[in-house]
Amino acid sequence: MQQISHFQFYSAAFCGYTYYKNERFSCFPGLGSSQSSEIRYTTPSIMKKRIFVGIAAPSVLAGIFNEYALLYKQHPRIRLVDRSKYHLTLCYIGEIPEEILSNVIATVQFICDRHKSFHIRFNRFALAPALRDARMIWAKFYVEPQFSALSQDLCQIFEYLQIPHKAHDHPIPHVTLARFPEAKGPKLLHHNPNVNNLEINEVYVWESRVSGEEREYVPLSIIPLK
């Protein structure tokens with residue numbers, strides 16, 4: 001038997017170890033006991049998964065956004081995002097060893113258990129990330145405190161656990177509708193759709209996979225907010 005801290009456990013997992021624990025998350029309140037845990041080291045795996053955490057766009061909302069995106073369908077330089085991929089990113093993790101996936105999901109569960117459901121309001125369609133270096137068309141939402149807190153809490157815990165990820169100081173909730181080469185974008189078509197507030201009551205953990213020549217997003221876990 002070997003005593004290991006929460007931090008050591010994740011560090012070992014990230015380095016490519018296979019582990020077995022009787023109790024998970026001994027150092028965070030509410031995540032189990034401080035009983036001793038047993039780990040067994042094996043040959044590190046080279047299998048990796050590209051993971052991100054976000055919010056799925058409901059079908060009605062996806063339909064409204066897709067209707068707008070199709071206005072650009074004939075533009076020679078614009079590549080539309082398939083509506084099945086519409087989502088709002090909370091934290092992009094990137095490639096991780098397969099061994100730590102279950103514990104990444106459990107970590108997301110830990111954060112979601114501490115956040116209540118909330119709403120965000122649609123703002124407008126916009127060229128992004130900024131007009132001077134635009135390379136995408138976004139459906140932007142207003143930055144609500146609850147969204148920012150959830151995104152930051154997820155990124156901060158991955159930072160603590162030394163799991164690489166991409167974090168933004170001021171995350172903007174948005175759905176990416178289209179992409180194009182920088183400085184080769186379209187003139188933005190103004191449109192004011194009737195969009196209800198987006199209720200956020202669950203969080204997705206997705207794997208981004210390449211299937212043939214296409215990339216698909218496979219939901220690995222859907223975790224409710226409290």
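# Pocket, sheets and buried residues in a predicted model

User: Which residues lie nearest the centre of the largest pocket, and how many residues line the pocket?

Analyst: The largest pocket is lined by 35 residues, and H87, T89, H174, T176 and R179 lie nearest its centre. The model is a predicted one. The volume of the largest pocket is about 1100 Å³.

User: What makes a residue part of the lining of the largest pocket, and which elements each supply at least two such residues?

Analyst: A lining residue has an atom within 4 Å of a pocket point. β1, β2 (79–80), β3, β6 (136–141), α4, β7 (174–179) and β10 each supply at least two residues of the lining. β3 gives the most, with 6 residues.

User: How do the lining residues of the largest pocket divide into nonpolar, polar and charged?

Analyst: The lining has 17 nonpolar, 8 polar and 10 charged residues. Arg counts as charged, so R179, which lies among those nearest the centre, belongs to the charged group.

User: What is the strand order of the open sheet that contains β3 and β10, and what is the pairing?

Analyst: The order is β3-β1-β9-β10, in an open sheet of 4 strands with antiparallel pairing. The twist from one strand to the next averages 25°.

User: Why is one side of β3 and of β10 left without a neighbour in the sheet?

Analyst: β3 (87–97) and β10 (214–224) stand at the edges and each has a single partner strand, so one side of each is left without a neighbour in the sheet.

User: How many bridges join β9 and β10, and what lies between the two strands?

Analyst: β9 and β10 pair in the antiparallel sense over 10 bridges. R209 stands opposite E216 in β10. The two strands form a hairpin with 2 residues between them, and G212 in the turn has a positive phi of about 65°.

User: Which helices pack on or lie across strands of this sheet?

Analyst: Helix α3 (residues 101–112) packs on the sheet and touches β1, β3, β9 and β10, with its direction at about 50° to that of β10. Helix α4 (residues 145–160) lies across β1, β3 and β9 and runs at about 5° to β3.

User: Why is S221 called buried?

Analyst: Buried means under 20% relative accessible area. S221 has 17%, so S221 is buried. S221 is found in strand β10. Leaving aside neighbours within four places in sequence, S221 is in contact with I105, V203, Y204 and V205.

User: What makes β2 and β7 a pair?

Analyst: The criterion is at least two bridges. β2 and β7 have 2 bridges in the antiparallel sense, so they pair. R79 stands opposite R179 in β7.

User: Is F180 buried or exposed?

Analyst: Its relative accessibility is 7%, and the limit for buried is under 20%, so F180 counts as buried. F180 is found in the loop between β7 and β8 (198–200). Not counting residues up to four places away in sequence, F180 touches R77, I78, L127, A134, R135, M136, I137, G185 and P186. F180 and R77 are 103 residues apart in sequence and 5.8 Å apart in space, C-alpha to C-alpha.

User: What is the peptide bond from A128 to P129, cis or trans?

Analyst: The bond is cis, with omega near 5°. P129 is placed in the loop between β5 and β6.

User: How many helices and strands does the protein have, and what share of its residues is buried?

Analyst: The protein has 4 helices and 10 strands. Buried residues make up 46% of the 226 residues.

Note on methods
Residues are numbered from 1 along each chain as its sequence is written. This is a predicted model: local features need pLDDT of at least 70, side-chain atom pairs count only at pLDDT 80 or more; totals for chains, interfaces and linings use all residues. Side-chain values use heavy atoms; hydrogens and water are left out. Axes are lines fitted to C-alpha atoms, for helices over the stretch in contact, and angles run from 0 to 180 degrees between N-to-C directions. Contact means heavy atoms within 4.5 Å. On a 1 Å grid over the protein atoms alone, a cavity is a set of points where a 1.4 Å probe fits but cannot get out, and a pocket is an open set with protein on both sides within 12 Å along at least five of seven lines; lining residues have an atom within 4 Å of a point. Grid points are joined across faces, edges and corners, and a volume is the space filled by probe spheres set on the points. Buried means under 20% relative accessible area, exposed over 50%, partly exposed in between (1.4 Å probe, protein chains only).
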